[in-house]
Amino acid sequence: MFLALVLLVAGAVSFLGWRQSIPAPRVTGTPPRLIGHKATATFVVEAAGGRLARAEVRVLQGGKSVVVARPEGALGRRAEVPATIEAAAAGLKEGGAAIEVWARDDVWRPLRLEDRALASYPVTIDLTPPRLDVVSATSYIAPGGAGLVVFRAGDAVRAGVRVGELAFPSFPVGTGEVPMRLAFFALPYDYAAGTPIAVTAEDEAGNVASRGVPSELLPRKFRHDRIEIKDAFLEAKVPELLPQRPPSQPLIEAFLVINRDLRRQAEEQKRRIGATTADKPMWAGTFEQPRNTKVFSNFAEVRTYVYQGREIDTQVHYGFDLASTKRSPVPAANAGRVAFTGPLTIYGNVVILDHGLGLMTLYAHLSTIAVKVGEAVTKGQELGRTGTTGLAVGDHLHYEVLVSGVSVTPVEWWDTKWIGDRISLPLKAAGLPEIAGAEAREPSTRPAATPPRRRRAR
Ligand SMILES: [Zn+2]
């Protein structure tokens with residue numbers, strides 16, 4: 001009898017002890033260190049026994065406690081608790097604060113667990129956008145052309161230039177106490193006056209500052225051209241460019257797929273390759289046009305395609321077409337590193353050189369390629385031979401200059417005076433040295449490049 005009582009009491013005590021020993025729910029999460037005007041964080045709350053009865057996220061600052069998340073309904077054993085912290089709505093001020101996660105399970109314990117924060121994270125409320133000062137910029141810019149901005153962006157973690165929907169990254173430059181950043185940007189050929197061109201900077205807390213780029217816009221007109229599509233051309237090119245074409249599809253329809261979809265794919269790939277640029281300049285001085293070449297098509301010609309007397313398509317030509325003899329050597333326009341080689345839809349066999357800071361050059365329709373991705377090349381080095389691969393009529397080089405994958409007119413970069421006025425001057429105004437890649441430090445015996453003849457052969 002006595003023994004049974006002892007066992008019963010012992011059993012009850014160990015049961016109560018076990019109930020009491022079930023730990024409180026566990027909280028995991030990695031909220032941001034800095035909180036701006038709006039921040040989000042997700043916490044996972046997991047009960048060690050039973051189910052969650054309550055979970056709550058609070059922000060504490062100066063004796064004030066604001067609930068920023070309290071999920072409703074049954075929570076189960078494990079719950080994800082997303083929290084959105086809106087500083088103004090929560091009445092938070094700049095400075096130190098803490099995020100706390102409170103939770104309770106439904107386990108009965110002889111002594112109820114004290115209600116307390118199960119996790120606490122120190123945070124800093126930062127509502128001040130990064131200090132953004134434009135130091136210098138290219139004075140005159142034009143549609144289809146490039147420009148550069150030098151600026152200081154304080155504690156920004158992301159900074160660059162936006163031209164409408166297009167974004168251009170910036171790179172740290174100089175060695176001064178307050179670091180500067182440099183961004184090359186492009187105006188698309190169809191840039192509409194009034195579209196904002198702005199430097200933007202974002203800090204770790206997500207605060208954004210923006211300043212207009214103080215460049216003046218010059219007008220620039222582009223040619224229109226009509227291109228007659230012949231059956232012989234379709235028969236020669238469609239099987240190469242669209243090998244998967246169903247036999248029932250008329251050649252001219254296949255041509256439209258090539259001219260629209262494949263062209264767009266190439267544009268997208270140019271942007272992706274543009275994002276792989278080096279954060280240091282590798283080029284120096286004027287870009288060189290291959291010698292003894294004739295320009296027979298210009299940048300941003302708007303081409304209307306005509307088939308059997310009917311207008312069937314309109315597209316824009318993003319480069320210069322340069323022709324000389326068949327299978328001519330293709331020289332690198334400037335020093336750089338090979339960013340891409342291989343077929344690129346309508347461009348045929350292509351080499352893309354990265355010159356750093358977003359600047360690249362593209363060489364298309366090649367018959368052979370003589371360089372490999374990653375290889376460093378010097379100005380004038382042979383990249384391959386001209387050809388007719390891709391959507392090309394006759395042997396020629398299709399040449400483009402790209403700023404973060406956006407095509408700009410090569411004419412500017414062939415022009416020593418343009419580089420002096422539009423690139424070197426704003427660098428000088430910012431107290432920065434001229435852009436001089438490894439090439440420029442070697443003595444050069446090369447004569448100055450001549451601007452292109454803009455004569456049309458056709
Ligand atoms: Zn071309």
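In strand E7, Ala103 is the bridge partner of Ala55, and this pair belongs to a predicted model whose protein chain is divided into domain 1 (24–125), domain 2 (133–217) and domain 3 (224–441).

**Strands E4, E7 and E8**

- Strand E4 (residues 52–61) pairs with strand E7 (residues 95–105) in the antiparallel sense, and eight bridges join the two.
- Strand E7 also pairs with strand E8 (residues 117–125), again in the antiparallel sense and over eight bridges, and within E8 it is Val123 that stands opposite Ala97.

**Domain 1 and domain 2**

- The C-alpha centres of domain 1 and domain 2 are 39 Å apart, and the contact between them draws five residues from domain 1 and four residues from domain 2.
- On the side of domain 1 that touches domain 2, three residues are nonpolar and two are polar, while no charged residues are found there.

**The sheet E19-E21-E22**

- Three strands form an open sheet in the order E19-E21-E22, and their pairing is mixed.
- Strand E19 (224–228) and strand E22 (310–317) stand at the edges with a single partner strand each, so one side of each of them has no neighbour in the sheet.
- Neighbouring strands of this sheet are turned against each other by 25 degrees on average, with direction ignored.
- Strand E21 (residues 301–307) pairs with E22 in the antiparallel sense over seven bridges, and Thr304 has Thr314 in E22 standing opposite.
- Helix H3 (residues 251–274) packs on the sheet, where it touches E21 and E22, and the direction of H3 makes about 25 degrees with that of E22.

**Helices H2 and H3**

- Helix H2 (residues 231–241) packs with H3 at an angle of about 55 degrees, and their axes are 10 Å apart; the two helices are therefore oblique to each other.
- The crossing in which H2 passes H3 is left-handed.
- From H2, the residues Leu234, Glu235, Val238 and Leu241 meet Leu251, Ile252, Ala254, Phe255, Ile258 and Leu262 of H3, and by class the residues of this contact comprise nine nonpolar, no polar and one charged.

Notes
Residues numbered from 1 in each chain as written. Predicted model: local features only at pLDDT ≥ 70, side-chain atom pairs only at ≥ 80, totals over all residues. Domains from an automatic or database assignment. Contact = placed C-beta atoms within 7 Å. Nonpolar A, V, L, I, M, F, W, Y, C, P; charged D, E, K, R; others polar. Pairing = 2+ DSSP bridges. Helix = DSSP H or I, 4+ residues; strand = E, 2+ residues; numbered from the N terminus. Axes fitted to C-alpha atoms, helices over the stretch in contact; angles between N-to-C directions. Parallel < 35°, antiparallel > 145°, perpendicular 65-115°, else oblique. Left-handed = near helix turned anticlockwise from the far one by under 90°.
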